[in-house]
Amino acid sequence: MMKYSIFSLARNARTYHQDWPKAWRSPDPKPEYDVVIVGGGGHGLATAYYLATVCGITNVAVIEKGWLGGGNTGRNTTIVRSNYLWDESAALYDHAVNLWEGLSQELNYNVMFSQRGLLHLAHNVHDMQEIGRRGNSIYLNGVDSEFITPEQVKEMVPFINLNCRYPVMGALLQKRGGTARHDAVAWGYARAADAAGVDIIQNCEVQGFDITDGKIQAVRTSRGTIKAKKVGVVTAGHSSVVAEMAGFRMPLESFPLQAFVSEPLKPIVDCVIMSNAIHAYISQSDKGELVIGGSGDPFISYSQRGSFDQIEHVAGPILELYPIFSRVRMMRQWGGITDVTTDRSPILTKTPVEGMYFNCGWGTGGFKATPGSGHVFAMSIAKGEMHPIAAPFSMDRFSSGALIDEAAAAAVAH
């Protein structure tokens, strides 16, 4: 693998950048692998990368029915944070933030991680009580958080309207929060995993599984049957569909989550601003676009289209809080399929099929957890036992009652 640097950039400039090697190979699938990862998004690619580099398992394939990062990895609003309420969630998401902080250097690929800070606004008494409880809880877990006044919010966001229909009563600030570039994360992990020996196989759709005596034997795909000792499934909104192929059910519902971006503007929003109570959050990309997230559609669906009623639902509060954007034109809109659990926390688990593991149920929280999720999931698959950070998120919690209820902190889709 060529190392990206100022020297390689200068060297390739002499040939007008025509001779850069491909970032990763496109091999045909081998007959058998030690581990097959189903799903070529950020979580799946991260899992494969850590299997190869941390766990020493390089006979790994990532199979993806479309193109890398073409699912939720390319359909989110790129927010990174770890200000979740419960101890289990704080451990998982802050593990991810710690990995985010050195990820570009580790992968030798600029994932454009920007710790610009994240403001979580409070608009009523309930909001203030919620951020108070959550802020104190995560502080005890060593996660950075600060309560700030409306005046301090105004200092950070001078164009905000504090006394609109949604008055700002305070906010919770996580300075280590921010954004990253979603496609760069997928490409960076893909390139590094390929360099470590992982086969990345695109346009390879799962059609079923061969299971004998309750143990996984092979994955049936559109490109032939692939034998595997272990299988990790990381297919986001389609996880329940893949589980049914394996003969069991996952406690998931899938909803389209709406987002849209504006025409490019000069830099004005230098932090991420969330507002759960009114289902609207906003940041600005490095290209200058306002990245605006809204709520999920109120119905189960696998559609990745935008929803016009959500534009109105989100644009109204955005313009109340930030009237300066009233004449900004929207450029494009999309929906991503979020897999939502009863307690709004993810599932990292063994399954009734021996050798098969699932990583799903992230709802709106998947992108921010990418490095941490991939790291602990890889170690769980390698050892055959769930990593201590992952263990509380077993699917067994839905029968035992040991739920991790993150509905208030998880985000606006819930």
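Predicted model: local features only at pLDDT ≥ 70, side-chain atom pairs only at ≥ 80, totals over all residues.
Numbering starts from 1 along each chain as its sequence is written. Local features need pLDDT of at least 70 and side-chain atom pairs count only at pLDDT 80 or more, while totals for chains, interfaces and linings use all residues; side-chain values use heavy atoms, with hydrogens and water left out.

**Helix 3 and helix 10**

Select residues 87–100, which form helix 3. Helices here are DSSP runs of H or I with at least four residues, strands are runs of E with at least two, and both are numbered from the N terminus. The 14 residues of helix 3 should span 20 Å at 1.5 Å a residue, and the end C-alpha atoms are 20 Å apart, which agrees. The expected span is 1.5 Å times one less than the number of residues.

Colour the helix by accessibility: 10 of its 14 residues are buried, so helix 3 is largely enclosed by the rest of the structure. Buried means under 20% relative accessible area, exposed over 50%, and partly exposed in between, with a 1.4 Å probe and protein chains only. The buried positions in helix 3 are S89, A90, L92, Y93, D94, H95, A96, V97, L99 and W100.

Two packed helices are described by the angle between their axes and the distance between the axes. The axes are lines fitted to C-alpha atoms, for helices over the stretch in contact, with angles from 0 to 180 degrees between N-to-C directions.

Show side chains at the crossing. From helix 3 come L92, H95, A96, L99 and W100; from helix 10, T370, P371, G372, H375 and V376. Contact means heavy atoms within 4.5 Å. By class, this contact has six nonpolar, four polar and no charged residues. Ala, Val, Leu, Ile, Met, Phe, Trp, Tyr, Cys and Pro count as nonpolar, Asp, Glu, Lys and Arg as charged, and the others, Gly among them, as polar.

Move to residues 125–140, helix 5, whose 16 residues reach 23 Å from first C-alpha to last, close to the 22 Å expected. After the helix comes G142, with a positive phi near 80 degrees.

Within helix 5, select D127, E130, I131, G132, R134, G135, S137 and I138, which are buried. Their cover includes strand 4 (118–122), strand 5 (146–148), strand 6 (170–174) and helix 12 (407–410).

Next select N83, in the loop between strand 3 (79–80) and helix 3. N83 has a relative accessible area of 1% and is buried. Leaving aside neighbours within four places in sequence, N83 is in contact with L118, R134, I138, L172, Q174 and A409. The side chains of N83 and R81 are joined by a polar contact of 2.7 Å. A polar contact is a pair of N or O atoms within 3.5 Å; within protein, one must be able to donate a hydrogen and the other to accept it, and residues adjacent in sequence count only if both atoms are side-chain atoms.

**Loop between helix 4 and strand 4**

Select N108, in the loop between helix 4 (103–107) and strand 4. Its phi is near 55 degrees, positive in a residue other than glycine, and N108 is buried at a relative accessible area of 15%. M112 is placed in the loop between helix 4 and strand 4; its phi is positive, near 60 degrees, and at 31% relative accessibility M112 is partly exposed.

**Helix 9**

Select residues 308–321, helix 9. Q310, V314, P317, I318 and L321 are buried, and what covers them includes strand 4, strand 12 (253–262), strand 13 (272–275), strand 14 (280–284) and strand 15 (290–296). G316, by contrast, is partly exposed at 28%.

**T221**

Finish at T221, in strand 10 (residues 215–221), buried at 6% relative accessibility. A polar atom of its side chain lies 3.0 Å from the backbone nitrogen of R223, and the T221 side chain reaches the backbone oxygen of G224 at 2.6 Å. Beyond residues up to four places away in sequence, T221 touches I63, C204, E205, V206, Q207 and I226.
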